[in-house]
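Keep the viewer open as you read.

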Amino acid sequence: MADTAITVEGARKRYGNKNALDGLDLTVARGTVHGVLGPNGAGKTTLVRILSTLLRPDAGRVEVAGHDVVAEAYAVRLRIGLLGQHAALDEELGGRQNLEMFGRLHHLGARRARARADELLARFDLADTGRKPVTAYSGGMRRRLDLAASLITEPEVLFLDEPTTGLDPRGRAEVWDSVRSLVGAGTTVLLTTQYLEEADQLADRISVVDAGRVVADGTADELKAATGGDRVDVVLRDAGQLGAAVALLPLTGVRVDADRRLLSAPVTDRMAALSGVVRALEEAGIEAEDVALRRPTLDEVFLHLTDRTKEAA
Amino acid sequence: MSTSTLTPMTHALSDSWTMTRRELARWGRQPVAVVVNLVFPVMLLLMFGYLVGGGRGLSGDYVDYLVPGMLALTMAFGLEGTMIAVTRDLDKGVVDRFRSLPMANGAVLVGRSAADMLQSVLGLVVMIGVGYALGWRAHGGPGAFLGAVGLLLLFRFAMLWIGIFLALVAGKPELVQAVQILVWPVGFLSNAFATPDSMPGWLGTVVEWNPMSQTATAVRDLFGGPGGEAGHVWAAVAWPLALLAVFFPLAVARFGRLSR
């Protein structure tokens with residue numbers, strides 16, 4: 001028990017006749033970053049809202065930091081931080097005023113709340129702008145302040161609901177850096193995202209969620225391995241020869257991307273496939289710019305898994 | 001239930017005070033918005049006092065009739081401010097953060113009411129000052145004066161909880177605009193500007209039954225001005241209390257339903 005930060009068993013939540021969560025199971029080990037990956041409407045936000053005591057599940061057992069989110073909501077709230085999809089700040093107030101307010105609401109007392117606000121402003125590189133109203137902040141600064149607000153009491157478990165949605169690449173990098181430094185401090189992080197790259201970059205383990213259930217679970221490498229292994233990519237010089245190449249090459253399940261003059265196919269025997277492709281192209285006199293073996297991207301894993309659940313439904 | 005379900009009661013007061021201070025800090029950040037809020041009813045008062053006023057067939061001076069009506073109207077319009085503030089917080093997600101904190105659940109609503117009541121007191125002070133400058137006088141003595149202010153604030157308190165409830169139902173600031181439009185007929189289909197007997201029969205009846213008219217009539221009586229009716233105070237107490245008895249529990253329940 002002690003090494004589990006989050007336990008979800010058969011969580012259900014229904015809105016009208018739509019199941020937002022349809023018997024979701026999830027276990028997150030203490031001190032790890034867990035990515036929850038899924039398309040829009042998969043139930044990611046509903047899951048985070050239940051875990052952070054904002055919503056009650058219709059059924060199922062949900063425990064965070066060893067406490068039940070319904071029966072012991074207060075105990076859970078003492079131990080969590082939440083970064084929602086939208087910056088949960090008082091926009092008219094300054095950065096420091098916001099942090100002080102949240103510190104007082106954590107019952108730190110006026111002096112400690114002030115000291116903590118200063119610490120966090122410095123840590124998130126906001127010390128110079130603490131007086132400015134949040135409305136004057138850039139998107140990345142706002143997100144950093146929001147993150148600082150969720151860390152007032154060094155929570156045991158931190159929930160990040162699509163933390164970088166709507167941020168430019170720079171803002172995204174800023175938030176990623178902050179999350180990485182937190183993990184070093186031993187916080188358990190549950191992160192939802194639509195960006196596969198984000199899950200790949202930050203998460204120790206990933207749960208792929210679709211239609212309110214976990215459809216796959218594992219490390220990024222395990223997920224990639226589970227989806228048919230390696231692929232070979234062939235980029236031709238002349239897009240007009242793509243058709244001929246598909247007919248000719250010793251491959252099955254070929255995908256063609258004409259814009260990029262690219263053929264892509266799953267392979268089982270890496271070296272045999274590679275030499276077979278090169279030989280066949282040479283014999284037919286088709287010029288290739290690039291032939292490469294690679295692991296599948298998480299994008300492919302994701303499409304594969306979510307397509308499969310749609311077929312099953 | 002386990003002891004860790006609820007926030008300790010000791011936090012309720014300090015959390016409510018923190019939430020009230022948050023609103024006061026917002027005033028400091030946005031003095032212009034505060035001034036605009038205070039000036040709007042003053043403009044209405046000046047408009048009716050100078051453009052429309054006079055020759056209303058009242059026994060006394062129109063300003064003595066108008067000022068108490070405008071004070072009640074200011075309290076009624078406070079409902080809009082409450083609604084805007086509540087929906088803005090809901091929309092920004094800041095209410096979600098509050099609800100995820102180990103703070104007293106009701107403090108969000110208590111802070112809202114305390115801040116809005118303070119703003120209403122400020123609004124009354126300004127309006128009474130302007131009324132005084134226009135020549136309005138309270139003739140009823142200090143006790144009656146304070147009683148009148150109390151009735152106005154009680155009415156505002158009822159409007160406040162209606163505002164919180166409507167905001168929680170509407171949810172989005174865009175929908176508030178639709179509800180705001182309803183405040184105007186309630187405000188103007190009252191005896192704030194004119195006596196009901198000067199209106200067509202059915203309209204006069206509506207106006208007379210309007211809770212805001214009850215407050216205005218009682219306040220006029222306590223100020224010793226025209227249009228007041230002795231013994232009307234009970235109605236000006238009963239109406240807001242009745243509204244509170246309905247909308248306070250509705251608003252609290254609706255706030256609790258955010259977790260559904």
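Is A:Glu162 buried or exposed? With a relative accessible area of 5%, A:Glu162 is buried. Bear in mind that everything here comes from a predicted model.

## Charges across and within chains

Helix H1 of chain A also takes part in a bridge between chains, running from A:Arg49 in that helix to B:Asp96 in helix H4 of chain B. Here the N to O distance is 2.7 Å. A:Arg49 is partly exposed at 21% relative accessibility, and B:Asp96 is partly exposed with a relative accessible area of 21%.

Over in chain B, the side chains of B:Arg156 and B:Asp116 meet in a salt bridge at 3.8 Å, N to O. B:Arg156 sits in helix H6 of chain B and B:Asp116 in helix H5 (residues 107-134) of chain B, so this pair ties together parts that are 40 residues apart in sequence. B:Arg156 is buried at 3% relative accessibility, and B:Asp116 is buried with a relative accessible area of 5%. Both belong to a salt-bridge network whose members include A:Asp90, A:Glu92, B:Arg22 and B:Arg88. Over all chains, the count comes to 38 salt bridges.

## The nonpolar cores

How many residues does the largest nonpolar core have? It has 114, and those with the most contacts inside it are A:Leu99, A:Phe102, A:Ile206 and B:Phe98. Helix H6 (residues 141-170) of chain B gives the largest share of this core, 16 residues. Apart from it lies another core, of 27 residues, with A:Ala5, A:Leu55, A:Val69 and A:Phe159 among them.

B:Phe98 is worth a click. Leaving out residues up to four places away in sequence, B:Phe98 touches A:Met101, A:Phe102 and A:Leu105 from chain A, plus B:Met19, B:Arg22, B:Met103 and B:Val108 from chain B.

## An enclosed helix

Next, have a look at helix H5 (residues 139-149) of chain A. Nine of its 11 residues are buried, so this helix is largely enclosed by the rest of the structure. Among the buried ones are A:Met141, A:Arg143, A:Arg144, A:Leu145 and A:Asp146. Their cover includes strand S6 (80-83), helix H3 (95-105) and helix H6 (169-184) of chain A, together with helix H4 (94-100) of chain B.

Chain A is divided into domain 1 (4-225) and domain 2 (230-294), and their C-alpha centres lie 43 Å apart.

Two residues other than glycine have a positive phi. A:Thr53, with phi near 70°, is in the loop between helix H1 (44-51) and strand S4 (59-64) of chain A and is buried at 6% relative accessible area. A:Arg261, with phi about 50°, is in the loop between strand S12 (255-257) and strand S13 (262-266) of chain A and is partly exposed at 25%.

On the surface, B:Leu46, B:Met47, B:Tyr50 and B:Leu51 form a nonpolar patch with about 450 Å² of accessible area together. B:Leu51, in helix H2 (residues 31-52) of chain B, is exposed, with a relative accessible area of 69%.

Methods:
Residues are numbered from 1 along each chain as its sequence is written. Chains are lettered from A and ligands numbered from 1 in the order in which they are written. This is a predicted model: local features need pLDDT of at least 70, side-chain atom pairs count only at pLDDT 80 or more; totals for chains, interfaces and linings use all residues. Side-chain values use heavy atoms; hydrogens and water are left out. Domain bounds come from an automatic or database domain assignment. Buried means under 20% relative accessible area, exposed over 50%, partly exposed in between (1.4 Å probe, protein chains only). Helices (H or I, at least four residues) and strands (E, at least two) are DSSP runs, numbered from the N terminus. Contact means heavy atoms within 4.5 Å. Patches are made of residues with over 30% relative accessible area and no salt bridge: like charges are joined within 9 Å, nonpolar side chains (Val, Leu, Ile, Met, Phe, Trp, Tyr) within 5 Å. Accessible areas come from the Shrake-Rupley method with a 1.4 Å probe; for residues, only the protein chains shown count as cover. A salt bridge is a side-chain nitrogen of Lys or Arg within 4 Å of a carboxyl oxygen of Asp or Glu. A nonpolar core is a set of buried Ala, Val, Leu, Ile, Met, Phe, Trp, Tyr and Cys residues joined through side-chain atoms within 4.5 Å.
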